[in-house]
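Hi everyone, thanks for coming. Today I'd like to walk you through some helix packing, so let me put the structure up on the screen.

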Amino acid sequence: MAGRRKGGIQMDSSSGGQGASGGGLVSGHQKRRARTERAVLVAARELLAESGFGRLTIEGVAERSGVAKTTIYRRYRSRNDLALGVLLDMVGDVSTQPYALDTLTELTRLVDRTVDLMSNTLLGRIMQGLVSEVAADAELARTYRERVVSQRVEEVTALVERGVARGELRDGLDPELVTDLLLGPIYYRLFLSGSPLDEEFGRRLVAALFPAFAKEPHPA
């Protein structure tokens, strides 16, 4: 049966008016929404790189992106949510998981890469800016743990599983505890003590911890 026109849009009477054209309209809306979202995230990322977390505002992002403030607020509750959105947009492309022939080297590289990420990249600066906000906002904290912290734990889990399979790490190691022990000192130095995160930090830290992880005594 031939289709009929309604309001200038071709409708297929055999599908009750829900044919390919309707799907095309939905697809077009989704594409426009995706373009708007991308414009907002790009603008926020640029402003974070230029001025830092402390000076990020929804108004500034609206001006830079050309997207109305009301549209941005429908997606993000606050500038903290928006900064987290930028972080999540970036974090999938960043991995601290190393690969080497031995676990001792992998652990050291993991610490070194994390130090570099936190100290020398925009992603690290955003993470540092969000620390106090995460402590005060339960919803923000939940998303941060589920999308950011969980990725680090997954990477350490893979490293631990390889070490156990090689016979270098003892069975029953808790990957989350290993993550805490390896990465906790980095955050302590960044946010509390101010002690240097120099090139030897990773080697010294892993040398101190490895005997607790190793299956047999290791000359770390």
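Let me start with a question for you: is the crossing in which α4 passes α6 left-handed or right-handed? It is left-handed. Do keep in mind as we go that this is a predicted model.

Here is the geometry of that pair. Helix α4 covers residues 79-91 and helix α6 covers residues 122-136; their axes come within 10 Å and cross at roughly 145°. On the α4 side, the contact includes Ala-83, Leu-84, Val-86, Leu-87 and Met-90, and on the α6 side you'll find, among them, Leu-123, Ile-126, Met-127 and Leu-130. Sorted by class, the contact of α4 with α6 has 11 nonpolar residues, one polar and two charged.

Now please turn to α4 and helix α7, residues 138-166. Their axes are 11 Å apart, at an angle of about 15°, which makes α4 roughly parallel to α7. This crossing is left-handed. From α4, the residues in contact are Asn-80, Asp-81, Leu-84, Leu-87, Leu-88 and Val-91, while α7 brings in Leu-140, Thr-143, Tyr-144, Arg-147, Val-148, Gln-151 and Arg-152. By class, that gives seven nonpolar, three polar and three charged residues.

Last pair, I promise! With axes 9 Å apart, α7 packs against helix α8, residues 175-193, at about 105°, so α7 and α8 are roughly perpendicular to each other. Arg-152, Val-153, Val-156, Thr-157 and Val-160 of α7 meet Pro-175, Glu-176, Val-178, Thr-179 and Leu-183 of α8. The classes here are six nonpolar, two polar and two charged.

Notes:
Residues numbered from 1 in each chain as written. Predicted model: local features only at pLDDT ≥ 70, side-chain atom pairs only at ≥ 80, totals over all residues. Heavy atoms only, no water. Axes fitted to C-alpha atoms, helices over the stretch in contact; angles between N-to-C directions. Helix = DSSP H or I, 4+ residues; strand = E, 2+ residues; numbered from the N terminus. Left-handed = near helix turned anticlockwise from the far one by under 90°. Contact = heavy atoms within 4.5 Å. Nonpolar A, V, L, I, M, F, W, Y, C, P; charged D, E, K, R; others polar. Parallel < 35°, antiparallel > 145°, perpendicular 65-115°, else oblique.
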